[in-house]
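Student: I am new to this structure and would like a close look at a single part of it.

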Amino acid sequence: MSLFNMSEKAYLLLANGQVFEGRSFGAKGTVIGEVVFTTGLTGYQETLTDPSYYGQIVTQTFPLIGNYGVNSQDNESAKSYVSGYIVREWCNAPSNFRCEGNINDFLKEHNIIGINNIDTRCLTRTIREAGVMNGVITTEDVYAKKDELLEQIRAFSVRDAVKNVTNTETLTYEPEEKKYRVVLFDFGYKRNIRQELVKRGCEVIVVPAYTTAEEVAKIAPDGIMLSNGPGDPAENVEIIDNIKEIEKLGIPIFGICLGHQLMALANGGRTEKLKYGHRGANQPVIDIESGLTYVTSQNHGYAVVGDSIDPAVGHVSHINANDKTCEGIRYTSVNAFTVQFHPEAHGGPLDTSYLFDEFVNKMQK
């Protein structure tokens with residue numbers, strides 16, 4: 001059940017001048033962002049609280065969103081980082097034993113401007129064919145100021161993303177039985193990365209993105225986790241230079257998503273922006289060594305160029321089964337491995353959670 005006829009009009013204006021008329025939900029106002037789509041059937045609350053979506057207007061391709069409500073347990077971070085939210089239909093009568101509220105109130109609470117009752121299938125096709133593009137969601141009359149908005153849209157870009165999502169203080173999380181100590185770099189990390197480590201007996205020390213190698217050495221960890229995060233990886237010059245110094249500590253490193261990209265850049269690799277990225281919980285990834293294909297959860301608009309990795313440094317370990325882009329690297333020059341997808345995968349498939357066990361084994365050795 002939706003409230004199409006009980007809400008005021010809202011508009012989505014794309015950089016190509018195309019306008020989608022719909023209905024407002026969530027907060028009201030005007031917001032600019034990069035319009036992307038995610039194919040997940042579930043996990044919308046995790047999507048809304050994933051810092052990797054900073055600066056982006058997220059489109060859900062699944063037509064009904066909000067049917068199991070929201071709760072206080074499934075957030076991946078303390079707030080929502082999406083710029084705007086687009087759905088075909090939102091459910092105002094959710095049903096689930098864990099439900100504590102509906103998605104409309106959740107968006108209002110986090111001041112996220114949403115639009116519903118638009119043709120999300122048409123919008124997704126547009127993005128797939130033309131590539132991701134900037135856009136505006138507004139509850140004002142878009143036609144009265146279309147030219148002005150188009151100028152703002154075309155001038156917009158996502159900048160200083162990691163700087164805007166990383167925590168500025170160091171936080172420690174203790175397991176019931178401590179076996180290892182892990183430094184988790186917060187480039188915009190998801191809570192479930194931390195939880196996967198804690199439940200494996202790791203004391204997790206979450207540090208700001210710009211923590212130096214010298215500061216890490218003082219903590220004396222058994223392992224280092226480079227987290228996911230938003231934005232263009234190549235923009236993070238200071239962090240990339242810092243990773244080069246962190247590698248010299250000889251401590252096992254595990255990188256996920258942005259961490260995977262930054263590690264590659266620190267070792268002479270290159271990254272490229274994908275036409276429309278990989279976002280959803282159904283991305284097939286091939287493990288080259290075993291030949292097995294895993295279903296993975298992903299959220300990224302950039303990828304490492306596999307051929308840019310020097311064979312003397314490392315080799316591509318995983319590839320995307322759809323477009324053959326690099327999904328993982330195992331390093332031989334340093335004690336590290338990284339993946340583009342999310343092995344913690346909440347909500348999503350748990351096929352690749354074994355990678356956390358591999359990281360623990362490296363620390364044990």
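Student: In what order do the strands of the open sheet of 10 strands stand, and with what pairing?

Tutor: This is a predicted model, in which local features need pLDDT of at least 70 and side-chain atom pairs count only at pLDDT 80 or more, while totals for chains, interfaces and linings use all residues. Residues are numbered from 1 along each chain as its sequence is written, and side-chain values use heavy atoms, with hydrogens and water left out. The open sheet runs in the order S10-S12-S11-S13-S14-S19-S18-S17-S15-S16, with mixed pairing; strands here are DSSP runs (E, at least two residues) numbered from the N terminus, and two of them pair if DSSP finds at least two bridges between them. Strands of a sheet pair through backbone hydrogen bonds, either parallel or antiparallel. At the edges stand S10 (171-173) and S16 (293-304), each with a single partner strand, so one side of each is left without a neighbour in the sheet. From one strand to the next, the twist averages 20 degrees, where axes are lines fitted to C-alpha atoms and angles run from 0 to 180 degrees between N-to-C directions. Within the sheet, S17 (residues 314-320) and S18 (residues 326-331) pair in the antiparallel sense over five bridges, and His 315 stands opposite Arg 330 in S18. The edge strand S16 also gives the most to the lining of the largest cavity, with three residues, and S15 (271-287) supplies at least two. A cavity is a set of points on a 1 Å grid over the protein atoms alone where a 1.4 Å probe fits but cannot get out, and its lining residues have an atom within 4 Å of a point.

Notes:
Helix = DSSP H or I, 4+ residues; strand = E, 2+ residues; numbered from the N terminus.
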